[in-house]
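Please open the model in a viewer and keep the selection tool at hand. The stops below are to be taken in order.

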Amino acid sequence: MKTEAAPFRLEDYRAPAFTIDTVGLDFQLAPSATRVVATIALRPNTDEARNGRLELVGDEITLKGLKLDGATLPEGRYTATPSLLTLHDVPNRPFTLDIETLVDPAANTKLMGLYRTSGTYCTQCEAEGFRRITYFLDRPDVLAVYTTRIEAQKSDAPILLANGNPVESGDVPGTDRHFAVWHDPFPKPSYLFAMVAGDLGVITDSFTTSSGREVELRIYCEHGKEARCTYAMDALKRSMKWDEDVFGLEYDLDIFIIVAVSDFNMGAMENKGLNVFNDKYVLADPDTATDADYANVEGVIAHEYFHNWTGNRITCRDWFQLCLKEGLTVFRDQEFSSDMRSRAVKRIADVRTLQARQFPEDGGPLAHPVRPEIYHEISNFYTPTVYEKGAEVVRMLKSILGPDDFRKGMDLYVERHDGDAATIEDFLASFADATGADLTQFKLWYSQAGTPQIISRGAYDEADRTYRLTLSQSIPATPGQARKQPMHMPIRFGLIGPNGEDMEFRSVSGGRVEGDIIHLTEASQTLVFEGVGGRPVPSLLRGFSAPVRLAIDISAADLLFQVRTDADPFNRWQAAQTLAMRNLVASTTEQIAGRPAKAEPALIDALGSVLDDETLEPAFRAQVLQLPSEADIARELGQNVDPDAIAAARRELRLAISTGLGNRIERHYGSLSGAESFRPDAASAGKRALRNTLLDLLLARRSPEAIAAALAHFETANNMTDRLAALSAITQAALPERRAVLDAFYKRYQDDALVLDKWLTLEATVPASDTLDRVKALLKHPSYSPNNPNRVRALVGSFASANQTQFNRVDGAGYDFLADFALELDKRNPQTTARLLVSFRSWRALEPVRRTRAEAALRRIAAAPDLSPDTLDIVTRTLA
Ligand code: ARG
Ligand code: ZN
C-alpha cells in the first residue's frame with residue numbers, strides 16, 4: 001500500500017518567486033528520442049527570488065544540457081532528476097536559460113505531454129503536461145510569449161503546427177527534414193501550449209470578424225475523413241459569430257486551427273489558436289454520427305472556441321480556480337446551443353446530465369466544492385461539479401442580476417482582467433462593482449459542497465385570498481464540511497391559477513421577490529402573497545433556476561394539471577418526471593415485496609396528453625416520454641439500493657405505460673416518417689427523437705409485432721440515429737434477436753473505430769447475465785485496444801457506468817472485473833483509470849451484500865503497490 005504525498009491547498013497560494021517573459025521552443029522530432037531546447041527568459045518576481053534558488057518541475061524527462069545566459073552551467077550549480085531541476089545560485093536579475101531535454105513520445109501511453117497518436121505527434125499540456133516536455137514553472141500564473149520551431153522528417157510529418165501565427169517555414173538544406181516557426185503574441189500559461197506534427201488531411205475556410213479582420217480557419221484530421229469535418233467547421237463559424245453578437249468578444253489571431261486526433265484522454269483542449277480534439281467531437285456525417293453526436297460536436301467546438309476569451313485571454317491564477325474558466329465556458333456553450341436549437345429541450349437535456357453525473361458526485365465521498373480548497377491530483381478535479389455545477393452557478397448569477405446587469409459584469413470582467421491569471425474573487429468583484437449587487441452570500445456556492453435540498457409547503461386561504469409559501473433550505477454534510485450556511489438561491493416561480501394561466505398577486509411579504517424570482521436567502525422563509533384569485537398550483541424552480549433537490553407537497557392531480565398547463569416547459573417536463581419517479585419508487589418497493597408494478601392513472605394521463613399535443617415540439621414530447629433511468633431511481637432512493645429490483649420495477653412500469661397508452665403509440669409512430677433524407681437541424685432531430693422514443697416504448701411490450709417493428713426500423717434506417725436507436729432498443733430489451741443485429745452492425749462498420757465504439761457500448765450495456773463474459777471476451781477483440789481511451793470508455797466505461805444490474809452483480813464479479821482492469825490500465829494511463837473508478841462513487845448507498853463486495857474490490861485496489869497518484873487519490877477518497 002502506498003501513501004499519498006502532501007496535498008495542495010488553496011490557502012497556501014504564493015506568487016511565483018520567478019516569472020518567465022518569453023519562451024522559445026525548438027523541437028527536433030523523432031519517435032523515441034525527441035530533443036527539445038527551451039530558451040526561457042526568467043526574471044525575479046518576489047523577494048523570495050533573492051536566495052538564488054530556482055526550482056523547475058519536470059516529469060519523466062532527461063536533462064541533456066543547461067546554459068545560463070549562453071554559458072554552459074558546471075555541475076554543482078544545479079541538480080536534475082526526471083521530476084525536478086534545481087539551480088542553486090541564479091543571479092538576482094533577468095537571465096536566460098537554455099534547457100535541453102530528451103523525451104520519448106512513442107513510449108508516452110499516459111497521453112500527457114508529447115505523444116504519438118496514429119503516427120502524428122501531438123501534445124496535451126493541461127493541467128500539468130508541459131513539464132513532460134521541458135523543465136518549467138508549470139503553473140497557470142506564469143504567462144509568457146511563445147515562439148515555437150519544429151523540425152521533422154518531411155515524409156514523417158509534412159504538417160507542422162503550433163500556437164499563434166505562422167512566421168516562417170522551409171527545408172533544412174542537405175537533409176530530408178523541414179521546419180516551421182510559429183509565434184503567439186498573447187502571453188499564456190504553459191498549459192495552453194500545443195504542437196502537432198504529422199501527415200494529416202485538412203479542410204479550410206475563413207471568417208471575417210466584426211471589426212473586419214479575416215481569420216483563416218483549418219480543421220485537420222486523418223486522411224480520408226475530411227468530408228466528416230464540415231459540420232464542425234460550420235459550428236465553428238457560428239460560434240465565432242455568436243460570441244461577437246452575445247458577448248462582444250472577437251477572435252484575435254490571424255488563424256484558428258482545430259486538429260482531430262484519435263487518442264485523447266478528454267474531450268478537447270483549448271490551446272491558443274490550436275485546439276486539439278478527440279475525433280469523436282469533430283467527425284460527423286449522417287451514416288456514422290447520431291443527432292446526439294452532432295449536438296456534442298457543436299457544443300464542444302463552441303466550448304473550446306469560447307475558451308479563447310474565458311480561459312486563454314483571462315486564465316486561472318491556480319488550479320483551484322478551474323471553475324473560473326470551465327464553469328463559465330460550459331455556461332457559454334450551453335447558451336450557444338440553446339440559441340442554435342430549442343432552449344427548453346436543451347435545458348432539459350442539461351439538467352438530466354447534471355442530475356445523472358453531478359448529483360451523485362455531490363452526494364457521495366467524492367463531493368467537493370465548485371472551487372475545491374484541497375487536492376492531491378488536479379487531473380481528478382475536471383469533474384461534473386467544477387464544470388456543470390460551475391455553469392449552474394454562473395446561470396444563477398445571471399438570474400439574480402438579470403440579463404443586462406449580467407452582461408455589464410461580464411464586460412467589466414473582460415476589461416479588467418484581460419491578460420490576467422484571475423480568481424473567483426476577481427470574477428465576482430466585477431459583477432458586484434458593475435452592478436452594485438452584494439454577492440457575499442452568493443459566493444458560498446463556490447465553497448460549500450453538497451446538493452441543497454429545498455422543502456416547500458404551500459397553503460391557500462380562500463377567505464382572505466392569501467397564499468403562504470414556506471421554503472426551507474438545508475445542505476447535507478460533505479467530506480470536510482459538517483455544517484453549512486444558508487445560501488442565496490434564485491427560485492424562478494409562477495402561481496398557476498385554475499384556468500392554467502399564471503395568476504397575478506397584489507403584494508408579497510416575507511422575502512425579496514423580483515419579477516418571477518424569489519430570492520431565498522434564509523434557512524427558512526415564509527412568503528405571503530396577497531390578492532391571489534384562487535388556489536394556486538405553485539410552479540417552483542422554473543427552468544431549474546438553482547441546482548437543488550426540491551421536495552414539494554403537491555398531489556398527483558396537481559402534477560397532472562402542471563404537466564398540462566405550466567407556462568414553463570421545463571416544469572411541465574419536471575412535473576411528469578416527478579409523477580414517474582414517485583411511481584417508480586413505489587414500484588421498486590412493491591418489487592422487493594414480490595408484488596407487480598402498476599402504473600398510476602395520473603402518469604398515463606400526463607404522458608398521453610403530452611404525446612397527443614401536436615402544438616408541442618416533438619423533441620420535447622420525446623423528453624417527457626423518457627422515464628427516469630435506473631441510476632436516477634437509485635439516487636432518489638439514496639440507500640439500500642438493489643439494482644435488480646429497480647430494473648425490474650422500471651421494466652414493468654414501462655410495460656404498464658406502453659399498454660396503458662395503447663395504440664396511440666403505434667399511431668404516432670406511424671405518422672412520423674423514417675424515410676426523409678437526413679438533416680442534422682434540431683427540428684428534424686426532434687422528430688427522429690420522438691419516433692425512436694416511441695419505438696422503444698413499443699418494445700417494452702416484447703410482442704412479436706413490436707419486435708418486427710424494431711427489426712424493420714433497424715433494416716430500413718437511412719441514418720445512424722435511427723439505426724442505433726433500433727439497435728439500442730433491441731439490446732436494452734435483451735431480446736434474443738440482439739445477437740444477429742449486433743453482428744450485422746459490426747460487419748457494416750468494422751473499419752470505422754468511432755462507430756465501433758457505439759457497438760462496444762451496446763454490447764457492454766445489455767442487461768443480461770452473460771454480458772460480463774462478453775465484455776471480457778471483447779477485450780481480446782481486434783477492434784478493441786487498451787491504448788485508446790475512447791475504446792476503453794466505450795467498452796469498460798459503459799459497462800461500469802451504464803449497466804446498473806451487471807456492474808452491480810450481486811456476486812461482486814462486476815466490481816472484481818473493474819478492479820482487475822483498473823490495476824492493469826493504471827500502469828499505462830492513470831487519468832483514464834481514475835475516471836473509470838468513479839463508477840464506485842455510490843458504493844455506500846448499495847444494499848449490504850453488494851456494499852461489502854464493492855468495498856472489498858476498492859480495498860484490493862488501494863492495497864496494490866505502485867498505484868498512480870491519480871488512482872490512489874480516487875480510491876482513497878472513495879473509501880474515506
Ligand atoms: N480544458 C479542457 C476543456 O475543458 C479540458 C482538458 C482537461 N485535461 C486534462 N488532462 N485534465 O475543454
Ligand atoms: Zn473547458
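Strands here are DSSP runs of E of at least two residues, and helices are runs of H or I of at least four, numbered from the N terminus.

The model is a predicted one, in which local features need pLDDT of at least 70 and side-chain atom pairs count only at pLDDT 80 or more, while totals for chains, interfaces and linings use all residues. Residues are numbered from 1 along each chain as its sequence is written, and chains are lettered from A and ligands numbered from 1 in the order in which they are written.

Next, select ligand 1. Which residues are the closest to ligand 1? They are Glu-126, Met-266, Met-269, Ser-379 and Tyr-382, out of 14 residues that surround it (C-beta atom, placed from the backbone, within 6 Å of the molecule). Strand E20 (268–269) and helix H2 (291–306) are the elements that give two or more residues to this shell.

Stay with Glu-126: its peptide bond to Ala-127 is cis, with omega near 0°. Ala-127 is placed in the loop between strand E11 (120–124) and strand E12 (144–153).

Now select Val-259. Leaving aside neighbours within four places in sequence, Val-259 is in contact with Cys-122, Leu-161, Val-196, Tyr-220, Val-276 and Phe-277 (C-beta atoms, placed from the backbone, within 7 Å).

Move on to Leu-111, in the loop between strand E9 (95–103) and strand E10 (113–117). Leu-111 has a positive phi of about 60° although it is not a glycine. Is Leu-111 buried or exposed? Leu-111 is buried, with 24 other C-beta atoms within 10 Å; a residue is buried at 20 or more such atoms, exposed at 12 or fewer and partly exposed in between, with C-beta atoms placed from the backbone.

Finish at Arg-702, in the loop between helix H16 (682–699) and helix H17 (704–716). Arg-702 also is not a glycine, and has a positive phi of about 55°. Arg-702 is partly exposed, with 14 other C-beta atoms within 10 Å.

Notes. Contact = placed C-beta atoms within 7 Å.
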